[in-house]
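I opened this notebook to record what I looked up in one structure. The entries follow the order in which I consulted the strands, the sheet and the cavities.

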Amino acid sequence: MTEVLGAKSTKELTARATTLLHALGITAPEPGELSARTPITGGQLLTLRPSSPDEADAAIGRAAAAFRTWRNVPAPERAAVVRKLAELLTTHRDELAELVSMEAGKIPAEAAGEVQEMIDICEFALGLSRQLYGHTMPSERPGHRLMETWHPLGVVGVISAFNFPVAVWAWNTAIALVCGDTVVWKPSETTPLTALACHTLLRRAATEAGADPEVHQLLQGNADIGSLLVEDERVALVSATGSVRMGKLVAPRVAERFGRCLLELGGNNGAIVTSSADLDLATRAIVFSAAGTAGQRCTTLRRLIVHRDVADALLDRLERAYRQLPVGNPFDKGTLVGPLINGNAYTAMRAALDKAVADGGELICGGERVEGFGDDAYYVRPAIVRMPAQTSVVREETFAPILYVLGYDDFDQAINLHNEVPQGLSSSIFTTDQREAERFLAADGSDCGIANVNIGTSGAEIGGAFGGEKQTGGGRESGSDSWKAYMRRATNTINYSTELPLAQGIEFG
């Protein structure tokens, strides 16, 4: 392969990754069979030794043992670990963001935004530590009080994906720790260095806060190691982010042992552009949502449903914008679209485009591989395909920058097109008509977990619960009351009288 990519070669990136790890307090990881690869050149940065099954079993055991003490620590004291983590993330923001760019191929602005998201969720969890509220309800029996209390759940297993290698971990971990849970993390085998960095910072935060660092465990390896986490009865909650195929494997195995699942799966997100839309605003939002992160976000915009009166005008704007998108090394100034994660992603993209054209689609622009970056690095131009109908390939999620464009005539047709796919994560509408906006947000409007007006499908804030419906899994992470997934609820009845009346007026004896 060609070693040099612009000013960055695999050798240079490896040296830089080693420097970053040292800055984060990590000596060279023990070499092994797990490859830390960079999609920037397609080369190998370092190797790591994966966790063995015995080590995975021991790590889960340590987390379970730590939980028995951690659950009794007052929540505001548990939050001290998260506060210290936020401080360390702030101190090492640049180093961690650079590692994210190296392993996930994100441009620096997006990588830095992901690290900031980690800091934001830590701040959210700090406030949450004093707001794990239950309810008090009136009792039908005199001299009685009803209330609910929330208690720590247990060991939380976190399985994360490559595209947000640190933020999704932080969503789960910050809230789980504040809720009194311990965490065992199995990151993507594609991004082991960022995982090692986060694990090191979290353990350091726990130590500096005077807490037990065993509250967090890291398992590195392939899907077999993840399976051990899924099947272990000591793991009370499995929070898994990935494909629908992965979710179909995880959910029944956890359910079989009566564990809990929190699933964040496929997106295949859609946006409706109405005849009244501000097309300039819509264009800016669509381009970022569809092409950002090289289309490798669960919230990436993949289906654009446009009123036929404005379809040609909008497509002209989008095509001009797409043809100007700088594709290349994410570390090069001005780059907006970095590489796909690997060759499998490129193969899937090409197969989807070929199928779309075979189904009668018109390739407006994009889809070609950008050469000159090495045989094992996969850079592509984001593609726009105008489709005659929502065919099977449009209904599937391809994790690559493909935007399918569909036309509609009336609003009911647009809603039906939007909702007839099996996924249900994020959605948006571009309109200046309040009735259309409100209908989109109503019960018979978007069927997704996220529904936006006049912004794109990407870029969720941590204050709102994140997640989707249908094949997206139904889980909720990050803000709002998502903390309830990490705790167990107990309903309490307190009798402060000298009598013993029964509920429903039952008399016994």
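**Basis.** I am working from a predicted model, in which local features need pLDDT of at least 70 and side-chain atom pairs count only at pLDDT 80 or more, while totals for chains, interfaces and linings use all residues. Residues are numbered from 1 along each chain as its sequence is written, and side-chain values use heavy atoms, with hydrogens and water left out.

**Strand β18.** I looked up residues 426-430, which form strand β18. Strands here are DSSP runs of E with at least two residues, helices are runs of H or I with at least four, and both are numbered from the N terminus.

**Partners of β18.** I next checked pairing, which requires that DSSP finds at least two bridges between two strands. Strand β12 (residues 269-273) runs parallel to β18 and is joined to it by 4 bridges; A271 stands opposite S428. Strand β19 (residues 450-453) is also parallel to β18, again with 4 bridges, and S427 stands opposite A451. I traced the chain from β18 through helix α15 (residues 434-441) to β19 and noted a right-handed β-α-β crossover. (With the strands pointing away from the viewer, the path from the first strand over the helix to the second runs clockwise.)

**An open sheet.** I recorded an open sheet of 5 strands in the order β9-β8-β7-β10-β11, with parallel pairing. Strands β9 (216-218) and β11 (260-264) are at the edges with a single partner strand each, so one side of each has no neighbour in the sheet. Within this sheet, β7 (residues 155-159) and β10 (residues 235-241) pair over 5 bridges, and G157 stands opposite V238 in β10.

**Cavities.** How many cavities of 30 Å³ or more does the whole structure hold? I found 2. (On a 1 Å grid over the protein atoms alone, a cavity is a set of points where a 1.4 Å probe fits but cannot get out; lining residues have an atom within 4 Å of a point. A volume is the space filled by probe spheres set on the points, which are joined across faces, edges and corners.) The largest has a volume of about 60 Å³, and its lining includes W171, C298 and E477.

Key:
Buried < 20%, exposed > 50% of the residue type's maximum accessible area, 1.4 Å probe, protein only. 1 Å grid on protein atoms, 1.4 Å probe; cavity = no way out; pocket = protein on both sides within 12 Å on 5 of 7 lines; lining within 4 Å.
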